[in-house]
Amino acid sequence: MKRKKITVLTGAGISAESGIATFRGSDGLWEGHDIMEVASPQGWQKDRELVLHFYNERRKAARKAEPNQGHLILAELEKDYDVTIITQNVDNLHERAGSSNIIHLHGQLFQSRSTLDESLVYDMESDVINIGDKCEKGSQLRPHIVWFGEDVPLMEKAAEITEQSDIFIVVGTSLQVYPAANLIHFTPSRCKSYLIDPKIPENVDLRNIELIEKGGSEGLELLRKILTKS
Ligand code: APR
């Protein structure tokens, strides 16, 4: 029998149980910083040192974190389904949990890239980027992260995969950031969709999506049981 295709859209909430902070905390700050200061081209122009330091700290935190049960369940689903993870997260916890098909819509923390030629992307050898670290063409390296206002080059691929889904699962995203949030509208009519979040996002059209108001691990455990029965 043909294996069903599962597409999973994850956000910061899937990594919350691994100790990595989500973005939209109640104080509107991300680890004490205004999000635009550290995650926008304007912030980068204004203070490169601050931005590099900020991501150097994020790498340190991500190194210490371990995949949680939610990441592991998603990896285990590959035994029975063709699974693609579309993540907004820049950490590598899906990889470390064993998932094999991962699209990092917003880039990757452990990669750097040229500020001159964005096709020059490097796996980082150390966990820091410093002022003066240069690409092969001589320009400053920056984090390989999609910042606010920048294009999302993998969006088209993500939309195509979503269009092929039999089952679509959304975990741990506030669905406030576009174009990623639009993916929920790309599922075909035959597709069964689920959303897992301890706080169901507001002001989002969630018709035809089954809502599981739980944390990532608990919600995915429950969903695994639902899928086994169906
Ligand atoms: N399990 C699952 N979800 C959780 C958990 C948990 N244990 N704890 C919190 N959440 C949920 C929150 O309720 C919220 O809906 O995770 C979501 C996190 O939302 P955001 O912080 O807005 O993160 P995300 O949606 O991933 O942000 C999208 O915005 O800052 C940019 O580029 C950045 O990729 C990021 C994008």
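Biologist: Why is Asp166 called partly exposed?

Modeller: Asp166 has 21% relative accessibility. Buried means under 20% relative accessible area, exposed means over 50%, and partly exposed is in between (1.4 Å probe, protein chains only). The value for Asp166 is 21%, so Asp166 counts as partly exposed. This is a predicted model, in which local features need pLDDT of at least 70, side-chain atom pairs count only at pLDDT 80 or more, and totals for chains, interfaces and linings use all residues. Residues are numbered from 1 along each chain as its sequence is written, and side-chain values use heavy atoms, with hydrogens and water left out.

Biologist: What makes Arg190 and Asp166 a salt bridge?

Modeller: The closest N and O atoms of Arg190 and Asp166 are 2.9 Å apart. The rule asks for a side-chain nitrogen of Lys or Arg within 4 Å of a carboxyl oxygen of Asp or Glu, so the pair qualifies. Side chains of opposite charge can pair when their charged atoms come close.

Biologist: Why is Arg190 called exposed?

Modeller: Arg190 has 52% relative accessibility, so Arg190 counts as exposed.

Biologist: What makes Arg3 and Asp82 a link between parts of the chain?

Modeller: Arg3 forms a salt bridge with Asp82, with the closest N and O atoms at 3.1 Å. Arg3 lies in the segment before β1 (5-10) and Asp82 in strand β4 (residues 82-87), so the pair ties together parts 79 residues apart in sequence. Strands (E, at least two residues) and helices (H or I, at least four) are DSSP runs, numbered from the N terminus. Arg3, at 36% relative accessibility, is partly exposed, and Asp82, at 35%, is partly exposed.

Biologist: Glu150 forms a salt bridge with Arg142; why is Arg142 called buried?

Modeller: Arg142 has 7% relative accessibility, so Arg142 counts as buried. Glu150, at 22%, counts as partly exposed. The closest N and O atoms of this pair are 2.9 Å apart.

Biologist: How many salt bridges does the rule give, and how many lie between domain 1 and domain 2?

Modeller: The count comes to 12 salt bridges, with 0 between domain 1 and domain 2. The domain bounds come from an automatic or database domain assignment.

Biologist: How do you know that domain 1 and domain 2 touch?

Modeller: Contact means heavy atoms within 4.5 Å, and 12 residues of domain 1 are in contact with 9 residues of domain 2.
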